[in-house]
Amino acid sequence: MVVIPCLKVPQRHAQMFRKYLLSQGVLDRKYCAQKHPDGTVTLPVIASVLGQLDLVALTKDVAQDSFCEIVDIQAPSLSKKEKVKSSHKRLVETAQSLLVSKGEEWNEDLERDIPSRWQCHGDLVLFNEGSFNNAIWKEIGSEFWTAVAVTLGVKRIAQIKKISQDGYRTPIVTVLLGDSSYVTHIDNHIRYEFDVTKCMFSSGNITEKLRIASFDCSGETVVDLYAGIGYFTLPYLVHAKAAHVHACEWNPDAVKALQRNLQINGASDRCTVHPGDNRQLPLYALADRVNLGLIPSSEEGWPVACRLLKRDTGGMLHIHQNVTTLHHEASAIDSEKDSSLEESSVRIQKDMHVWTAWASETARRICTLLSDTTESKWKTNIKHIEHVKTYAPHISHVVLDLECKPL
């Protein structure tokens, strides 16, 4: 039996502790976190760097009203990342074996053409662009895709080539194996159904969906300006218990999927869907919270959000943005090092000052917009900056939690 060290924390603070451990390079991402019946969560930590942890300082930095302790537990399941690594190895072996059986010579270029990550939606795997580019895969055809499906334990294969510039961010997807492109995806007990050839789904946003799920929005009216198929709308309704959500979406295919997802998750009666351009939204001064979940920038929605906040109490804006952080001193070697957990954490810490500068300027501009919109004085307060994911080299998807109050 393999035993590993873990940090035991209350479930309500688990996400905050996880973020801190990640930033310090102590979180062992090989294993999954585990929930326990007593309301705690154990977060795997790297044994060789346990000496870096000061539990008193850790609790003070993360949540002063919380607690934590080091415990040893039986090794839990491998994380998704580790499982993907194992699946990638099997995928390479499958491709190599099939090609060699057909008299083809295997080489490093072909191995590099095998993807190391992908999206899984039920029994369908969606590969990203930049993989399986070699003409040989197309030549082999369905025999190859069937072998890939068997290796990954799915029935259907699809590949996204690019995102359309049609204003709806419609994905250009080719179904390589199977007849249907309609999928079911379950995140944190929420069921999403959609067509992968018509609607986007970003698995990289799972941490933000979990964060929203931890909010207490009881009694609140929330407006989701870029609802899509319900990525954030549904966590607000199902887990955060918002009293009502106004969900805005202008992609007709996404609107249909959103309405379906509200129905199957039992939340239709607490959500009003507004199809079309949110800039034409006929709502004013009713929101306790506005979600602006559009990247690379939600700036076009800022005036709308300011118009929607309650005049007497104000509220919270969750502003998404892709922020560029260029480090000119970084070399190719540095980039390779950045792929490790420790180097990635250091990079995030270095980038924080850039995110903070963007957040401060955004807070200033929102304050001006609010004053102009309402013809009264407001104040804004940066409550939190959340790093969601690395969108591309030197580009980070972040969320600013901005509290807005009338004076």
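**Charges, fold and a few residues**

Reply: Starting with charge, the protein chain carries 46 positive and 49 negative side chains, with the centres of the two sets 4 Å apart. Here Lys and Arg count as positive, Asp and Glu as negative, while His and the chain ends are not counted. Each charge is placed at NZ of Lys, CZ of Arg, CG of Asp or CD of Glu.

Me: What sort of model is it, and how is it numbered?

Reply: This is a predicted model, where local features need pLDDT of at least 70 and side-chain atom pairs count only at pLDDT 80 or more, while totals for chains, interfaces and linings use all residues. Residues are numbered from 1 along each chain as its sequence is written, and side-chain values use heavy atoms, with hydrogens and water left out.

Me: OK. How many helices and strands in the protein chain?

Reply: There are 12 helices and 17 strands. Those are DSSP runs numbered from the N terminus: H or I over at least four residues for helices, E over at least two for strands.

Me: And why call the chain as compact as a globular protein of that length?

Reply: Its radius of gyration is 23 Å, close to the 22 Å from the globule rule for 407 residues, so the chain is as compact as a globular protein of that length. The radius is taken over C-alpha atoms, and the rule is 2.2 Å times the number of residues to the power 0.38. Along the principal axes, the C-alpha atoms fill a box of roughly 75 × 55 × 50 Å.

Me: What share of the residues is buried?

Reply: 48% of the 407 residues. Buried means under 20% relative accessible area, exposed over 50%, and partly exposed in between, using a 1.4 Å probe and protein chains only. The accessible surface comes to about 20200 Å², with 51% of that belonging to carbon and sulfur atoms; the areas come from the Shrake-Rupley method with a 1.4 Å probe, and for residues only the protein chains shown count as cover.

Me: Switching to rings. How many aromatic pairs does the search find?

Reply: It finds 11 in the whole structure. Among them, Phe 194 and Phe 201 have ring centres 5.3 Å apart and planes at 5°, so they count as stacked. The rings considered are Phe, Tyr and Trp (its six-membered ring), paired if the centres lie within 6.5 Å; planes under 30 degrees apart are stacked, over 60 edge-to-face, and the rest tilted.

Me: Are those two Phe residues buried or exposed?

Reply: Phe 194 is buried at 1% relative accessibility, and Phe 201 is buried at 4%. Elsewhere, ring pairs link Trp 118, Phe 127, Phe 132, Trp 137, Phe 144 and Trp 145 into a cluster.

Me: Next, the backbone. Which residues does the cis peptide bond join?

Reply: Ile 295 and Pro 296, with omega about 15°. Pro 296 sits in the loop between β14 (289-292) and α10 (302-308).

Me: What does Asn 322 touch?

Reply: Leaving aside neighbours within four places in sequence, Asn 322 contacts Ile 295, Pro 296, Tyr 391, Ile 395, Ser 396 and His 397. A contact is heavy atoms within 4.5 Å. Asn 322 is in strand β15 (residues 315-324) and is buried, at 13% relative accessibility.

Me: Which residues have a positive phi without being glycine?

Reply: Ala 285 is one, at about 50°, and His 394 is another, at about 70°. Ala 285 is in the loop between β13 (271-275) and β14, and is partly exposed at 32%. His 394 is in the loop between β16 (378-392) and β17 (395-406), and is partly exposed at 31%.

Me: Last one, Val 26. Where is it, and what's around it?

Reply: Val 26 lies in the loop between α1 (14-23) and β2 (34-35), and is buried at 1% relative accessibility. Not counting residues up to four places away in sequence, Val 26 touches Leu 21, Pro 44, Val 45, Ile 46, Val 49, Gln 52 and Leu 53. The C-alpha atoms of Val 26 and Pro 44 are separated by 8.7 Å, and the two are 18 residues apart along the chain.
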